[in-house]
Amino acid sequence: MSIHIPAGEGEAVTAEVKATMPEALPILPLLDSVPFPETLTPLAIGQERSVKLVNDVLAGNRMLAMVASRDPENQEPGPEDLYTVGVAGVVARMLKVPDGTLRILVHGAQRVELGDYVSTEPYLVARIAEAPDEIVPSPELEALHRNVQATFSRIIEGLPYLPEELMIAVNNIEDPAELASMIAGALRIKTEEKQALLEERNVAKRLRMLSELLARELELLEIGTRIQSQVQSEMDKGQREYFLRQQLKAIQEELGEVDETEAEAQELRERLEQAELPEHAKKQADRELQRFERLPPQAAEHGVIRTYLEWLADLPW
C-alpha cells in the first residue's frame, strides 16, 4: 500500500526530480501494484535484474521510474508487458535482507510517459516525458473533492486493513490531485482500475472516476455488513433456543418430571438427523417439528404432525 508524503517533504522531492529529470530512466516493473505521485511506495526486490537496478541507481542519482505490469504472473516482463505510464521517483531508503533480496522505500514524485526503450539488459531503461496534472479550479472540483473525502472516511470505518490515521490524513489534504493519489494507493481495487486513475491527467475527471469506485466499494461494504448481521442474528437465535431447551431439560430432570412431548420431539429430531434429509426437506421438517413441540398432546394436529415427521424420517433419502 502506498503511503502519503507530507506536503513539504513531497514538494521538495518532486521539485528535485523535475529539476534533475534525465531523458531516460531505469524502469522498475511492479508486478502487483500501481505507483502514484506524491506517495511513498515500500517494495520488496527479489529479481536479480531488479536488485542490480536498485544497486546501480543508489550508486548514481537514486532516480528510477516505477511502472505496473499488465500480467502479474510474468516474473520478468519486457517492454511490451508494461503499461506506458508510470511514476518517476527517488529511492529514499534501502535495506539488504540476508537472503539476498532488498527492501526499498521509493518517493514517488512525477507521473511520466514512457517512450522508446534504449536498453533491455541488464535491466530495462526507457526514455521518459513528464505528464503533469491538468487542473482547473471550479465548484465541481471542490464538490468532487469533498464527496471523495466523505465517502472514503465512511469506508475507512468498515475496512480493517485501512488505519484510522488515514482518515485524519485524508481530511487534511487540500490538493485534489494529492487526495486522489493517496486514496487510490490505499484501496484494494483491480490493477486496471488503479492504472486508469494514474493515467487520467485531468484531476476533475480522475476524482469523478474515484468517486464512482468509492461508491461501489461502499455499497459492497454495506451489503457485506448486512449479510454478516443477518447471519449473526440467525446464529444467536439458534443458540438461544438451544440453551433454553437444555435449561428446560435440566430443570425437568431435577424435578423428576418427564415431558412426553419433549421426549417425542427429541426422538423425532434424532431420527430426522439420521435420515440425512436434503436441504428443502430439512427446512420443512424443522418447521413442523417446532409446531409439534408447541402443541399439547391432546391437540388434533399433534398426531398428524408426528405421523408426517415419522414418514419423512423413513423415506429412503
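These legends walk through several close-up views of the predicted model shown above. Residues are numbered from 1 along each chain as its sequence is written, and side-chain values use heavy atoms, with hydrogens and water left out. Because the model is predicted, local features need pLDDT of at least 70 and side-chain atom pairs count only at pLDDT 80 or more, while totals for chains, interfaces and linings use all residues.

View 1. Helix H10 covers residues 300-314, which makes 15 residues. (Helices, H or I with at least four residues, and strands, E with at least two, are DSSP runs numbered from the N terminus.) From its first C-alpha to its last, H10 reaches 23 Å, close to the 21 Å expected at 1.5 Å a residue; the expected span is 1.5 Å times one less than the number of residues. The buried residues of H10 are His-302, Ile-305, Arg-306, Leu-309, Leu-312 and Ala-313. Seen down the axis, these buried residues fall within an arc of 125 degrees, so they line one face of the helix. The arc is taken from the directions from the helix axis to the C-beta atoms. On the other side, Ala-300, Val-304 and Asp-314 are exposed. (Buried means under 20% relative accessible area, exposed over 50%, and partly exposed in between, with a 1.4 Å probe and protein chains only.)

View 2. Rolling a probe the size of a water molecule over the atoms shows where empty space is left. On a 1 Å grid over the protein atoms alone, a cavity is a set of points where a 1.4 Å probe fits but cannot get out, whereas a pocket is an open set with protein on both sides within 12 Å along at least five of seven lines; lining residues have an atom within 4 Å of a point. The structure holds one cavity of 30 Å³ or more. The largest cavity has a volume of about 30 Å³, and its lining includes Phe-36, Pro-37 and Ser-181. Ser-181 sits in helix H5 (residues 176-186) and counts as buried at 6% relative accessibility. Leaving aside residues up to four places away in sequence, Ser-181 touches Phe-36, Pro-37 and Thr-39, where contact means heavy atoms within 4.5 Å.

**View 3. The second largest pocket.** This pocket has a volume of about 530 Å³. It is lined by 27 residues, and Leu-31, Asp-32, Ser-33, Leu-43 and Ala-44 lie nearest its centre. Strand S2 (24-30), strand S3 (39-45), helix H2 (48-58) and H5 each give two or more residues to the lining. Which element gives the largest share of the lining of the second largest pocket? That share, five residues, comes from S3.

View 4. A cis peptide bond, with omega about 0 degrees, joins Glu-121 and Pro-122. Pro-122 is found in the loop between strand S6 (102-119) and strand S7 (125-130). Glu-38 has a phi near 60 degrees, a positive value in a residue other than glycine. Glu-38 belongs to the loop between S2 and S3 and is buried, at 15% relative accessibility. For Arg-62, phi is near 65 degrees, again a positive value in a residue other than glycine. Arg-62 lies in the loop between H2 and strand S4 (63-68) and is partly exposed, with a relative accessible area of 30%.

Definitions and conventions: Grid points are joined across faces, edges and corners, and a volume is the space filled by probe spheres set on the points.
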